[in-house]
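Here is a short briefing for a reader new to this structure. Please look over the sequence and the model first.

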Amino acid sequence: MIFINNVLQFDAADEAATTAFGQALAQSLAAALPDGAVIALIGPLGAGKTRLVQAVAHAAGVEPGIVASPTFVLVHEYAGLLPIYHFDAYRLKSETEFAALGPEEYFSQRAWSFIEWADRVPNSLPPDRLEITIEPTSPTARQFNIRALGPHHEKALAVLQRGLPNNPRSSMDH
């Protein structure tokens, strides 16, 4: 597959479509990245970053209702198909504070690491990752723009594109 600019766009009309996107994301990560993945989540307050992690975690075997926003704890750990590490950089004052959490240790494990507010700590993220920007387009609708950075995650993006419901708009070349 040839990538034009590594951006896949998926429009979710409601929370059910966000859940379907999360399920497809979990399946693509499991299929393409069995040794783990790093997913940077970017979007305004209320965009649905935590909701997306909940959907992925549930699809990976985490009990519903367990995943919560890590805003005050900074990192949650969940047992699923692979361990899921859920970071939040919203309340951090600097990348130094994020580095103090030891993210490189989490990122190097056979696990899925999700970082909410990843745009606040760009220099602390591994160069090979998925970036998902979430934009609210109505009170219930969201637009997900998924970009692969690095060859590992490009494979996951290709698998995700094939597994998404409703044949989403894409700027990827087949």
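The structure holds 7 aromatic pairs. A pair here means that ring centres of Phe, Tyr or Trp (its six-membered ring) lie within 6.5 Å; planes under 30 degrees apart count as stacked, over 60 as edge-to-face and the rest as tilted. This is a predicted model: local features need pLDDT of at least 70, side-chain atom pairs count only at pLDDT 80 or more, and totals for chains, interfaces and linings use all residues. Residues are numbered from 1 along each chain as its sequence is written, and side-chain values use heavy atoms, with hydrogens and water left out.

**Aromatic rings**

- Phenylalanine 21 and phenylalanine 144 make a stacked pair, 4.5 Å centre to centre with 25° between the planes.
- Phenylalanine 21 lies in helix α1 and phenylalanine 144 in strand β7, so this pair ties together parts 123 residues apart in sequence. Helices (H or I, at least four residues) and strands (E, at least two) are DSSP runs, numbered from the N terminus.
- Both phenylalanine 21 and phenylalanine 144 are buried. Buried means under 20% relative accessible area, exposed over 50%, and partly exposed in between (1.4 Å probe, protein chains only).
- Phenylalanine 87 and phenylalanine 98 form a tilted pair: 5.6 Å centre to centre, 55° between the planes.
- Phenylalanine 87 belongs to strand β4 and phenylalanine 98 to helix α3 (residues 95-99), so the pair ties together parts 11 residues apart in sequence.
- One aromatic cluster is formed by Tyr85, Phe87, Phe98, Tyr106 and Phe107.

**The sheet**

- An open sheet is built from 7 strands in the order β1-β7-β6-β2-β5-β4-β3, with mixed pairing. Two strands pair if DSSP finds at least two bridges between them.
- The edge strands, β1 (7-12) and β3 (75-79), each pair on one side only.
- Neighbouring strands of this sheet are turned by 20° against each other on average, direction ignored. Axes are lines fitted to C-alpha atoms, for helices over the stretch in contact, and angles run from 0 to 180 degrees between N-to-C directions.
- β2 and β5 pair in the parallel sense over 5 bridges.
- Alanine 40 has isoleucine 115 in β5 as its bridge partner.

**Helices on the sheet**

- Helix α1 packs on the sheet and touches β1, β2, β5, β6 and β7; its direction makes about 140° with that of β5. Contact means heavy atoms within 4.5 Å.
- Helix α2 also packs on the sheet, touching β2, β4, β5, β6 and β7, and its direction makes about 165° with that of β5.
- The buried residues of α2 (residues 49-59) include Leu52, Val53 and Val56.
- Glycine 61 follows α2, and its phi is positive, near 100°.

**Nonpolar cores**

- The largest nonpolar core has 38 residues, and those with the most contacts inside it are Leu29, Trp112, Phe114 and Ile132. Such a core is a set of buried Ala, Val, Leu, Ile, Met, Phe, Trp, Tyr and Cys residues joined through side-chain atoms within 4.5 Å.
- The largest share of this core, 7 residues, comes from α1.
- A second, separate core of 17 residues includes Ile42, Phe98, Phe107 and Val121.

**Leucine 125**

- Leucine 125 sits in the loop between β5 and β6.
- Leucine 125 counts as buried because its relative accessibility is 9%.
- Leaving aside neighbours within four places in sequence, leucine 125 is in contact with Ala40, Phe107, Ile115 and Ala118.
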